[in-house]
Amino acid sequence: MKKLILIFIAIVFCIPLIVIPTTVLSESGPPPAKEWKGGGEKIEFQSIPVITIKNFLNGKVPKETVTISGTLNFPSNAPDKNAPVVVIMSGGGGISVWEEHWMKTFNSIGLATFVVDSNWGRRNCKKKFKKAIPNCNDVHRGMTRIVDGYRALELLSKHSRIDPA
């Protein structure tokens, strides 16, 4: 009897976790991709294209690259040299009001910000990955943003107004 009760409880709690997310995604899906047009200096850099988690974890680096961009914002009281910077990375849905909120918050306390737009440069992955539904983030699960973060830090360490340390 205890086994039947446990099975019943498991079914009651697990089925909604499977059915509800797929129902929500199939009805409306994520918002369409759009390029972020925030203020500041737009800087482009090269990074890896969309790859599978398996290839990422096995260290298989594709030969081709994609162009990723970020927006560098300095606060009004920023020094002309050696300004500290915070790199802000977005989630799978792209840059939203939350990343903009943190950009304004860090700028208000005297820190420069670099908001990386990892999604726009990879928006056309469905040609290569047929299962990239509803978006390319389903293929890489954010692994490419790790590389983007490190490449952004490398880029900013060479910027004339940013503190290289």
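**Figure 1. Burial of phenylalanine 45 in the predicted model.** Phenylalanine 45 has a relative accessibility of 7% and therefore counts as buried (under 20% relative accessible area; exposed is over 50%, partly exposed in between; 1.4 Å probe, protein chains only). The model is predicted, so local features need pLDDT of at least 70 and side-chain atom pairs pLDDT 80 or more, while totals for chains, interfaces and linings use all residues. Residues are numbered from 1 along each chain as its sequence is written, and side-chain values use heavy atoms, with hydrogens and water left out.

**Figure 2. The aromatic pair of phenylalanine 45 and phenylalanine 114.** Two aromatic pairs are found in a search of the whole structure (ring centres of Phe, Tyr or Trp, the last by its six-membered ring, within 6.5 Å; planes under 30 degrees apart are stacked, over 60 edge-to-face, the rest tilted). The ring centres of phenylalanine 45 and phenylalanine 114 lie 6.3 Å apart with planes at 40°, so this pair is tilted. It joins strand β1 to strand β4 across 69 residues (strands are DSSP runs of E, at least two residues; helices are runs of H or I, at least four; both are numbered from the N terminus). Phenylalanine 114 is buried, at a relative accessible area of 0%.

**Figure 3. The four-stranded sheet.** The sheet is open and mixed, with strand order β1-β2-β4-β3 (strands pair if DSSP finds at least two bridges between them). From one strand to the next the twist averages 25° (axes are lines fitted to C-alpha atoms, for helices over the stretch in contact; angles run from 0 to 180 degrees between N-to-C directions). Five bridges join β3 to β4 (residues 112-117) in the parallel sense, and valine 87 has phenylalanine 114 as its bridge partner in β4.

**Figure 4. Helix α5 on the sheet.** Helix α5 (residues 143-156) lies across β1, β2, β3 and β4 and runs at about 120° to β1 (contact means heavy atoms within 4.5 Å). Buried residues of α5 include Val147, Ala152 and Leu156.

**Figure 5. Arginine 161 and phenylalanine 74.** The charged end of arginine 161 sits over the ring of phenylalanine 74, at 3.9 Å from the ring centre (NZ of Lys or CZ of Arg within 6 Å of the centre and within 35 degrees of the ring normal).

**Figure 6. Asparagine 82 in the loop between β2 and β3.** Asparagine 82 is not a glycine, yet its phi is positive, near 60°. Its relative accessible area of 42% makes asparagine 82 partly exposed.
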